[in-house]
Amino acid sequence: MISFKRVEVGYVNTPLEYLSNLTNYFNKGKIYIKRDDLTGLALGGNKTRKLDYIVKYALDNNYTTLLTYGAPQTNHGRLTIAAAAKFGLKSILICEGKKPEKMEGNLLLDRMLNGRIVFIDRKDMDEKTYQEYKIKVVQEVIKKYEANNEKVLEVAMGGSSPLGAYGYMQCIKEIVEQIAQQDIKIDHLVCAYGSMGTFAGLWLGAKYYQAPFDIIGIPVFPTPFALADCVKLINELAKECQIDIKCDISDLKVLGGLKNNKYAGPAYGRSNQEIRKAMYLLASQEAIITDPCYTGKVAYGLVDLIENDYFKNDNVLFLHTGGSPALYATPHNEEIQADLWNDNVEEY
């Protein structure tokens, strides 16, 4: 296998822990967690493993600026901006929608880290017109930087390129070593299925390193990215690594339904009562903080699958990919306030 070079953007060898309280709560097999919310950089998250390789590529090829995309509460955007700051690069985040009246959650951190934020308002444009307009704006932004002798590297949304996905291929090697050291058994790894880079890297890594568990994706978009796109990314990564592994759509496990699935909630970046109940369960049982955009949805999928005996008393590993800054942004904060504050606090 061809290996890619990396720099240490954040921490690897994150803890793999047994969730004894949650295990006892369900009494249906053992539950473990991989703490990739503890990767160190700017409050942590899974994107640091991808940025290890993306930033190394940028430095080796004399790029001066990282440009990426996402929603206003994008964790990938925050960590890309943070990685740029750490390695002396400039950063640009292209956000869809109007500029909010105030900074909240990840946006506040983005500006503290000196990221340049560019909002692109959809207005009343249809999807085709909007995408054309977005391309035009991005080209104008890049030209503006190039006019000042900057060299801009476009980083895919979520870091979901073969180079980024390689970070999670290597995460599997780390997990396999940890379960051997701890002498534990894992039957399934459950993770978010979003921009697909994390899932794709995990899937290929599980095959290459002969992991004793399968990879199960929980969608965070009500209409997830097509499995065909994920297969393409996996096969591109395998080709670049020069390993003889092929993936087909039938090989992938993405649960909850591929259209309007039950785990993703009403919209990307939005939660519902079921998602928040799973978040509160992990917090109250294990002091594990999840977020309404990503890990809360995976927590809901995990809880629902356990309750409905999908795992049949098997041992499950939950990949925690971070995201807690989004808790402090509207509307998430308002929804949690309504759930937990006014009728749940005593005064004397």
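Modeller: Of the 348 residues in the protein, 56% are buried. This is a predicted model in which local features need pLDDT of at least 70 and side-chain atom pairs count only at pLDDT 80 or more, while totals for chains, interfaces and linings use all residues. Residues are numbered from 1 along each chain as its sequence is written, and side-chain values use heavy atoms, leaving out hydrogens and water.

Biologist: What makes a residue count as buried?

Modeller: Buried means under 20% relative accessible area, exposed means over 50%, and partly exposed lies in between, with a 1.4 Å probe and protein chains only.

Biologist: Why is strand β4 called mostly covered?

Modeller: Strand β4 covers residues 90-96, and five of its seven residues are buried. A strand here is a DSSP run of E with at least two residues, and a helix is a run of H or I with at least four, numbered from the N terminus. By these criteria the protein has eleven helices and ten strands.

Biologist: Why is the protein called as compact as a globular protein of its length?

Modeller: Its radius of gyration is 20 Å, close to the 20 Å that the globule rule gives for 348 residues, so the description applies. The radius is taken over C-alpha atoms, and the rule is 2.2 Å times the number of residues to the power 0.38.

Biologist: How do you know that strands β3 and β4 pair?

Modeller: Pairing requires at least two bridges found by DSSP between two strands. Six bridges join β3, residues 65-70, to β4, and the two run parallel. Threonine 68, for example, has leucine 93 in β4 as its bridge partner.
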